[in-house]
Amino acid sequence: MKSRRVAIAALLLALTLAGHADEACSSCLAPKVPAAEPTAETGHPLRGVVVAVLPEKSALLVNHEEIPGVMAAMTMLLKVDASTLAVAKKDQAITATLIRKTDGWWLKSVQPAPAP
Ligand SMILES: [Cu+2]
């Protein structure tokens, strides 16, 4: 009975160690991914002004405010879907969600906002 309990304890210990080994391994594979990376998927709230609408690039040139922990205030190209592109207007103040994808930065949920 006692040896069986020891065997179970040893098994649990082995499982625990294996779990730790997995964690170490995945962080070795992606050492530079910051802890904030999952938020890049869900997106960051963005406020800005549309400087130009660029249909040929499926993008808006946006002068956006600082996005804390992500980027400073700047003017940059942000990709949008066709329906957003169709209603986007130059000089329009917007709020949106900034999302980082493998092909670049995208804006989702673009809404007109009161001028800053
Ligand atoms: Cu930017």
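1. Basis of the model. Residues are numbered from 1 along each chain as its sequence is written, and side-chain values use heavy atoms, with hydrogens and water left out. Because the model is predicted, local features need pLDDT of at least 70 and side-chain atom pairs count only at pLDDT 80 or more, whereas totals for chains, interfaces and linings use all residues.

2. Confidence. The pLDDT (the predictor's confidence in each residue, from 0 to 100) averages 80 over the protein chain, and 63% of the residues score at least 70. Two stretches call for separate mention. Over residues 15-23 the pLDDT stays under 50, and the model has zero contacts beyond four places in sequence for them; contact means heavy atoms within 4.5 Å. Over residues 29-40 the pLDDT is below 50, and this stretch has three contacts in the model beyond near neighbours in sequence.

3. Histidine 64 belongs to strand S2 (residues 59-64); strands (E, at least two residues) and helices (H or I, at least four) are DSSP runs, numbered from the N terminus. Histidine 64 has a relative accessibility of 1% and therefore counts as buried, and methionine 71, at 12%, is also buried. Buried means under 20% relative accessible area, exposed over 50%, and partly exposed in between (1.4 Å probe, protein chains only). Leaving out residues up to four places away in sequence, histidine 64 touches Leu46, Arg47, Gly48, Met71, Ala72, Ala73, Met74 and Met76.

4. Leucine 54. This residue lies in strand S1 (residues 44-54) and counts as buried because its relative accessibility is 18%. Beyond residues up to four places away in sequence, leucine 54 touches Ala59, Leu61, Leu77 and Leu85. Leucine 54 and leucine 78 are 24 residues apart in sequence, with 9.8 Å between their C-alpha atoms.

5. Backbone at two serines. Most residues other than glycine have a negative phi. Serine 58, in the loop between S1 and S2, has a positive phi of about 50°; at 36% relative accessibility, serine 58 counts as partly exposed. Serine 109, in strand S5 (residues 104-112), has a positive phi near 50° and counts as exposed at 51%. Apart from neighbours within four places in sequence, serine 109 is in contact with Thr95, Ala96 and Thr97.

6. Charge over a ring. The charged end of lysine 101 sits over the ring of tryptophan 106, 4.4 Å from the ring centre. A charge sits over a ring if NZ of Lys or CZ of Arg is within 6 Å of the ring centre and within 35 degrees of the ring normal.
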